[in-house]
Structures are given as C-alpha cells and as structure tokens.
Amino acid sequence: MDLENAPRFSDRFEFIPGENDLYSLLESFKKAGQDWIDLTISNPTKVGLVYPREAILHSLEKPESLEYDPDPKGTLNARKSIASYYKEKGHTISEEDLFLTSSSSEAYSYLIKLLCNPGEEVLIPSPGYPLFEFLSLLDGAEFNSYKLDQSEGWKIDFEDLNSKITNKTKILFLVSPNNPTGSLLTSEEFEKLKVISKTKKITLVLDEVFSDYLHKENPHQIDFFHTDFPVFVVNGVSKILALPQMKLSWIHVGGPTNWKKECKERLEIISDTYLSVGTPIQLALPELFQWRNMIQSQVLRRIGRNLQVLESFHSSHPNIAYISPKGGWYAVLQSPSFLNDEEFSFRLLEKEKVLVHPGSMFGFEEDSGSIVISLISETELFQSGLEKISAFL
Ligand SMILES: Cc1ncc(COP(=O)(O)O)c(C=O)c1O
C-alpha cells in the first residue's frame, strides 16, 4: 500500500524512537542462540522463586467464574480482601473507596482520563519509572519531569517542582519506594505537597507498589488514605504477590468527602466502560493474599543476599558510587566509567554478555554515569554479572 495515501495514524506516536542499538544487539544474540546475563530482569516469575503452584491454580478454579456479574468497581469480596491487606498494615480503608483495574498502568490511564483534558499536564519524578511518559502521551496528556535531588537522598527538589507547575498541571505522580532510586517519600515532603495540591488544585497519585519491600526501617508512617486533599493510591498484585501475569491492581480514592463522591461517579463510568478485570482473578484474590508472606519473604531474602553481594562489589570498587536503596527491587550504580551510559551498556553486553539498564532510560542526567540493575536476579547470576562488570572495567 502506498503509505502516502493511506489513513493517517494518530499524532500520539510521533515520539516513537528508532530501534535502539542495545535492543538490536539483544535481538542478534537471540537469533544466534547466544546467552547473556540479564541484570535488568524484573519479571518475578522468571527468577527461580518457588510459588505455591497448586494453591494458586486451585484458587482460579471457582465455579462462579463461569458466570458474569460485573461490578464496575470490582467484586465486593476482592475489594474487601484488599481492605484487609491494608488493615494488616495498620490502615483502615473502606472497600467503597477502591476500584479494581487490570494493571497499575491501566490505573494510571483511568486517572489521566478522569483528571486531564487533552493537552493538560502531568508531572513525573526524574529519575523515575519510564512508563509514565508513554502512559501520559497515550492518554493525550503532556508530561514534564520534576527533579529528585541526589545530594538530598533523592528528596523532591521543590524549587524545580514549583518551576514546572503551570496552569495546565493536573496530576503529580509520586512513587514510594521509588523505582529506581529506592528512596521513600518523607512526611516533610508530603506536607509540602499538601500545600501545593491545595493551592494549585493538583491531584497527587502515589504509586506504592514496592511498599512491602523495604530494606531499611521507614521512619515516615504517612497516612495517604485519609487526607483532606485529593490523593489516589495505586497498588497491585504484580509486586505484592509477585504475580504480574494475574493482572490485578487497584486505585484507592482519598480526599474531601464531597469531592470523593463526584470523583467516584466519574471513575465508575470509566471502569464500567472497560470492565477489564477478569472474574477468575477477582474471585481468587482473597485466597491468593494468604500467600503474601511466603512469596514476599523469598523476594526479600533474595534482595538481601544481592545487596550483600553489591556491598562487597562496592567495597572493592570504591570509585563506583552506590547508595543502598531503602526499598524496591532496583539499585543504581554510578561511575565516570559508565559514561556514556548507553554506549557503556552496549559495550558491556557486546563484550561480557551482561545486560544492564542505561540510567538515562530512567531520566538520570547523562553526565551522571548511571546504570540501573535489578535486585531480584538469582544471586549466582547477579554475582557473576557483577564480576563481569569488574573484569570489563
Ligand atoms: C513504579 C512501578 N509501578 C508499577 C509497576 C508495574 O505495575 P503493573 O504490572 O501492575 O502495571 C512497576 C513495574 O515495574 C513499577 O516499577
């Protein structure tokens, strides 16, 4: 077909970058049957964890799964089990304030639809989760980044944040523990954000998918659920139960009572339009939650061991900067040797067959020489990947 005369695609895709060199090299490895050590792996189902296989499969076999009784917010029992999960963590929430979605990504997409007219803006943390950019663009919103200040332990740079707010800013995304810096939002930051939210009419959306994976005591027990300003909390089983394939996440709606009522009416219209969460997983959720400790303790043990390996790697490479993460599944390493990060990652993969993420993918300044690695890789592979980085340096 002559594409000149073909129907036009939407402008959303104007940002599509060309194929990157790292990706092409990986493709050529796959074709040639060449193995590599993947230090970016964050798919928990591929890192040798032991799942309660029979119990998971059994929980998905409920006869009620053969009937379709959709509730736009998600089935009541599933929402009640999420409320119990929060109760165990010391937060009393109502199942009436929960909306189920098939993923955190979908939750974000709903919230952008709820709050942004086309062309309005969302603010995303930098360094931060790269998917926010795509999610915003696909939902017709513009995005801008606000800086986290490395010299302050990745706290929000409020001067930068304030300079990025315009009269089109509608959402401020927060991630705690943050991917990939492993930093936690503090009570002081949250107090300042409250003032910004109230004065500038900006809604906070907090991603707490890694909140069960803390590696240090968190002195900031913030109540994100009972606020007198709009705060949405996003979470899901992708990380809580290390079951991303089950496709179940949720949004908790928090804020002033009258605003919440209006908000829930609109969210219900969005949810009712898609009804995207499958019945079997909703029915299985209360049972699946029972395996939370068994699954999380394996992930935490794995991360603990990998952090020890990383500490000893760090002590034999004092020129590599590394701040041990307070939470989450990732670690950041920085060194002038990693400059230019994309080229470094390419050469490392080509020569040592080790894959790391270039930091610029997460918004690290290019001159920071940052790479990002996953902490859930199998420890032997993690260790030999680091040894190969050593040899390469
Ligand atoms: C900060 C953050 N939020 C959400 C997700 C994934 O969520 P989901 O699989 O539910 O879309 C990830 C995945 O790595 C993440 O890093």
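**Reading helix pairs and a ligand site**

Mentor: Keep in mind that this is a predicted model. Two packed helices are described by the angle between their axes and how far apart those axes are. Here, helix 3 (residues 76-88) packs with helix 10 (residues 279-289) at about 25 degrees, and their axes are 8 Å apart. Angles under 35 degrees count as roughly parallel, so helix 3 is roughly parallel to helix 10.

Trainee: Which residues of helix 3 and helix 10 make the contact?
Mentor: On helix 3, look for Asn77, Ala78, Ser81, Ile82 and Tyr85; on helix 10, find Gln282, Leu285, Pro286 and Phe289. Sorted by class, that contact has six nonpolar, three polar and no charged residues. The crossing is left-handed.

Trainee: At what angle do helix 1 and helix 12 pack?
Mentor: About 15 degrees, with the axes of helix 1 (residues 21-32) and helix 12 (residues 341-352) 9 Å apart. That angle makes helix 1 roughly parallel to helix 12. Their crossing is left-handed. Asp21, Leu22, Leu25, Leu26 and Phe29 of helix 1 meet Ser345, Phe346, Leu349 and Glu350 of helix 12. By class, that gives six nonpolar, one polar and two charged residues.

Trainee: Now the ligand: which residues around it come nearest?
Mentor: Out of 13 residues around the ligand, the nearest are Ser104, Asn179, Asp207, Ser238 and Lys239. Next, check polar atoms. The side chain of Ser104 has an N or O atom 2.8 Å from a ligand oxygen atom. For a polar side-chain atom of Ser238, the distance to an oxygen atom of the ligand is 3.0 Å, and for one of Lys239 it is 3.2 Å.

Definitions and conventions:
Residues are numbered from 1 along each chain as its sequence is written. This is a predicted model: local features need pLDDT of at least 70, side-chain atom pairs count only at pLDDT 80 or more; totals for chains, interfaces and linings use all residues. Side-chain values use heavy atoms; hydrogens and water are left out. Axes are lines fitted to C-alpha atoms, for helices over the stretch in contact, and angles run from 0 to 180 degrees between N-to-C directions. Helices (H or I, at least four residues) and strands (E, at least two) are DSSP runs, numbered from the N terminus. Angles under 35 degrees count as roughly parallel, over 145 as roughly antiparallel, 65 to 115 as roughly perpendicular and the rest as oblique. A crossing is left-handed if the near helix is turned anticlockwise from the far one by less than a right angle, and right-handed if clockwise. Contact means heavy atoms within 4.5 Å. Ala, Val, Leu, Ile, Met, Phe, Trp, Tyr, Cys and Pro count as nonpolar, Asp, Glu, Lys and Arg as charged, and the others, Gly among them, as polar. A residue is near a molecule or strand if one of its heavy atoms lies within 4 Å of it. A polar contact is a pair of N or O atoms within 3.5 Å; within protein, one must be able to donate a hydrogen and the other to accept it, and residues adjacent in sequence count only if both atoms are side-chain atoms.
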